[in-house]
Amino acid sequence: MEINWWPIIAAVVAVIAVAYYRFTRTYDFFEKRGIPYYSYVPILGSIWEAVLQRISFAETVEKIYQAFPDSKYIGFFDFSSPIVMIRDLELLKSITVKNFDHFPDHRSFDSVDRDPLFGKNLFALRGDRWKEVRNTLSPAFTSSKMKAMFVLMRECAKEYGDYFASLPADQTTLELKDSFTKYTNDVIATCAFGINVNSIKDPKNNFYVYGREATHFGRSQSIKFFIVRSLPWVARALNIRIIRKQVADFFQDLVAITMKTRDEKGIVRPDMLQLMMETRGKLGPGKDLTIEDMTAQAFVFFFGGFESTSTLMCFAAYEVGINEEVQKRLQDEIDQVLEDCKGEATYEAINDMKYLDAVILESLRMYPTIVAIDRLCVKPFELPPHLPGKKPYIVQENECIWIPIYGIQRDPQNYPEPNKFNPDRFYSDAQQMLNSSSLFTFGLGPRMCIGNRFAILEAKVLLFYIFAKCNLLPCAKTSIPLRLNRKGFAMTSENGFWFNIQPRNIKKGEVEKITVPGKTMFIEKIPDRHPDN
C-alpha cells in the first residue's frame, strides 16, 4: 500500500511552525516598550554565544552590560524570555534593599519533584517559606557558631598545608582545583552534614565522588540547567533532571541515617544539620522541615561551599602565585600572625588580617563565582527612564530583572583598572567594601548569600596555611594571561590552575627568568631533592 506522505509532512511542518512561534513570539517585547536591547538569534536569544560556547558566560554578561553604557538598564533575551538588566548602582540598591518587597524572590526551578535538591533549597524558595527557612538557618552563621566551625576548618587546612609542603620531588607541579575541592568537601562534610571524611587519603569516598558530580557544571550539566531554568515545559516533556537520582538519594539517605544515629546515641554537634534537627515540632503545623527539606538546605550549603568556595580559592591563589610582591606581602602578614600566636592561628587573628581580607575581596571582585543573579517581580514596580527624556518602564508581576555582577565589578567607572589584580583597593576597610553597592558577589539586601561569612572564612583559613608553608611558582602549564572556561557557565580557568609548589623551608635554587605575554617574572628553580628528604 502506497503511503500518503503529505499529511505527515504537513503535521511536521505545523509542529515546527508552532514551536518556532512559541520560541520567537516575545522578540518584539523591548521594541514595543522603547527599551534598548542587546541583539539576539532566534531560539537561543541574546546568550547564544555562551550556549554555543564561543565565549564564557561571564564574558556574555559583560558584553550585554557594556552594550549601552549610558543607559540605566537594557533588555536582552534569555532564550525567549525578555529580561531587564539593571546597570545603575543606585537603582540596583533600591531594588534589592529599599524595594525588596517588589523583588523578594528568584525565578524558581519548575522541577521540585524531579530535582528536590534544587527546587526546595533556600535559594529557590519563595515568599513566607523562604523567610521561615532563612530564619531557621541564620543562627548557623553567628559568631559563636563560626568560631566553633573555625576549629574544624583549621584542622582540615593544616593537613592540606602539610600535604602541599611534603609533595614528592616528582609531583610538585600541581593543578590546584582538585586539591582545593577536596578541602572544601571535607569542611562541608563536617560542618553541614556532621561526618568526617579525608579526601586526600580517600579520594574515592562517596561524599566526594557524588558531590563532585552534583556540582560540576560542564557542558551537558549546563545545558540541562539552562533547559530546566529557561524552558521548563521542555524539561517536563523530556523528564530532564539536573542531578542524577542516585546522587540525590545518596545525600537524602545520608541525612536520614545521620539524624537517626544522633537521636539514638544522643550525639550533638555544632553544625547545620543539628540546627535543623532542633526545629522539629517548633515551626507549627505543616511547617516542619522534612528529611527532603533538610537535605536540600544542607545540599545548597554544600553546593556553594564545594564548588564556589574552591573556585574562589583557586583564583585567589592564582593571582597571588603570579604576583611576587603580593605573595611576599601576604606571607609577611601570615608569618607575623604565627609569631604573635606562637604558631597556632586563632579565629580572631585570622579575622583581623587586613591584607588576606583584601586578597580575598579583590579575587571575589575579579572572579565572582556567580556572574549574574535574577530577581522576580511580585508586584508592579516603576523603573525611572533609562535615559533623560525617555519614558519610565513599569516592571510587571512575574517579569525578571538581572543583576550583572561580573559587568559591574569589571566596570572602570566602579573600579579603575578593573582587569588589574590590586588588593590595595580593599585594604583600608574590607568590611565596608564587602557591603558596598558595587561589590555584588554575594548579592545585596535580604537575599544576600546566607553563607558569605562561612565561605570567606573557609577560603582564608586554607590560603593561610598553604602560603604559610609553601611558595606558589608559575610553571610551564600556568596560563598567563588566564582565559575563562567556555564549557558550561561555571566561572573557572580554561586550562586549570597549574603551579609549582615549593616548601618555604627548602634551600633556594637558582633564579630563572621567563617571559610570558605582557609580563616578565623570575622563577626559582627547584633544587634536586629526594622524596624522603
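Buried means under 20% relative accessible area, exposed means over 50%, and partly exposed lies in between, with a 1.4 Å probe and protein chains only. I keep that on the first page of my notebook.

**Entry 1: ground rules.** I am looking at a predicted model, where local features need pLDDT of at least 70 and side-chain atom pairs count only at pLDDT 80 or more, while totals for chains, interfaces and linings use all residues. Residues are numbered from 1 along each chain as its sequence is written, and side-chain values use heavy atoms, with hydrogens and water left out.

**Entry 2: the whole chain.** I looked up the secondary structure and found 21 helices and 11 strands. Helices (H or I, at least four residues) and strands (E, at least two) are DSSP runs, numbered from the N terminus. Of the 533 residues in the chain, 55% are buried.

Entry 3: An unreviewed UniProt entry places the feature "binding site" at Cys-449. UniProt positions follow the numbering used here, feature names are shortened, and annotations may be inferred rather than shown by experiment. I found Cys-449 in the loop between helix 20 (430-434) and helix 21 (452-469). Why does Cys-449 count as partly exposed? Because its relative accessibility is 35%. Leaving aside residues up to four places away in sequence, Cys-449 touches Arg-134 and Phe-442, where contact means heavy atoms within 4.5 Å.

**Entry 4: strand 7.** Next I turned to strand 7 (residues 400-403), which is covered on both faces. Cys-400 and Trp-402 are buried on one side, Ile-401 and Ile-403 on the other. In a regular strand, side chains alternate between the two faces of the sheet. Which strands pair with strand 7? Strand 2 (residues 81-86) runs parallel to strand 7, joined by three bridges, and strand 4 (residues 373-376) pairs with strand 7 in the antiparallel sense over four. Pairing requires that DSSP finds at least two bridges between two strands. I jotted down two partners: Val-84 bridges to Ile-401, and Leu-376 to Cys-400.

**Entry 5: the core.** A nonpolar core is a set of buried Ala, Val, Leu, Ile, Met, Phe, Trp, Tyr and Cys residues joined through side-chain atoms within 4.5 Å. The largest one here has 163 residues, and Leu-176, Tyr-183, Phe-193, Leu-383 and Phe-454 have the most contacts inside it. Helix 15 (residues 291-322) gives this core its largest share, 15 residues. I followed Leu-176, whose contacts include Phe-164, Cys-314 and Phe-497.
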